[in-house]
Amino acid sequence: MARIDDVADYPLAENRPDLVKTARGKGLEELTLDAVMAGEVTLEDLRITPQALKDQARVATLAGRPTLGRNFERAAELVPVPQDFLLQVYELLRPGRAKTKADLLAAAKTLREDYKAEKMAIFVEEAAEVYERRGLFTFRF
């Protein structure tokens with residue numbers, strides 16, 4: 001059963017704070033200045049979680065914005081992916097930056113196998129097909 005049943009649940013922090021948890025399981029009510037000063041709140045408690053992005057995806061879909069919803073679903077998969085690898089994939093996705101289709105397919109394979117980011121892997125594979133069709137694998141600048 002979905003956690004979000006209605007667009008009126010958004011914004012979650014105001015309308016469904018019971019659903020908002022940090023990566024370490026803290027609720028919003030636990031994120032106080034006193035808790036920060038006591039060292040009970042860490043940076044990990046302030047980072048976006050995959051679940052928060054999945055909830056955003058659900059709200060977007062319920063609001064009739066399925067493309068935005070899919071973007072949030074892919075973003076949820078990327079939370080645990082190391083930033084340096086994300087930047088490499090981003091660079092490869094810029095037209096004219098990947099030298100071959102194999103470069104993008106290798107990135108998709110890593111996303112799928114190492115990080116279990118299936119939706120994002122499919123996205124990169126689709127980009128590889130489009131780039132091949134449109135001749136976007138050579139430097140244009």
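Reply: Happy to! Let's start with residue classes: Ala, Val, Leu, Ile, Met, Phe, Trp, Tyr, Cys and Pro count as nonpolar, Asp, Glu, Lys and Arg as charged, and the others, Gly among them, as polar. This is a predicted model, where local features need pLDDT of at least 70, side-chain atom pairs count only at pLDDT 80 or more, and totals for chains, interfaces and linings use all residues. Residues are numbered from 1 along each chain as its sequence is written, and side-chain values use heavy atoms, with hydrogens and water left out.

Me: Thanks! How is the lining of the largest pocket divided by class?

Reply: That lining has 11 nonpolar, 5 polar and 6 charged residues. A pocket here is an open set of points on a 1 Å grid over the protein atoms alone, where a 1.4 Å probe fits, with protein on both sides within 12 Å along at least five of seven lines; lining residues have an atom within 4 Å of a point.

Me: How much space lies in the largest pocket?

Reply: About 340 Å³. A volume is the space filled by probe spheres set on the points, with grid points joined across faces, edges and corners. Of the 22 residues lining this pocket, Val-20, Lys-21, Ile-48, Thr-49 and Ala-52 are the closest to its centre.

Me: Which element gives the most to that lining?

Reply: That's α3, with 4 residues. Helices are DSSP runs (H or I, at least four residues), numbered from the N terminus.

Me: And what volume does the second largest pocket have?

Reply: About 190 Å³. Its lining has 13 residues, with Lys-54, Asp-55, Ala-57, Arg-58 and Glu-73 nearest the centre. Here too α3 gives the largest share, 6 residues.

Me: OK, tell me about α3. Which of its residues are buried?

Reply: Leu-53, Asp-55, Ala-57, Val-59 and Ala-60 are buried. Buried means under 20% relative accessible area, exposed over 50%, and partly exposed in between (1.4 Å probe, protein chains only). The buried residues of α3 pack against α1 and α4, where contact means heavy atoms within 4.5 Å.

Me: What follows α3?

Reply: Gly-64 does, and its phi is positive, near 85°.

Me: New topic: where does Gln-88 lie?

Reply: Gln-88 is in helix α5, residues 83-93. Gln-88 is partly exposed, at a relative accessible area of 47%. From C-alpha to C-alpha, Gln-88 and Ala-107 are 8.6 Å apart in space, and they are 19 residues apart in sequence.

How values were computed: Helix = DSSP H or I, 4+ residues; strand = E, 2+ residues; numbered from the N terminus.
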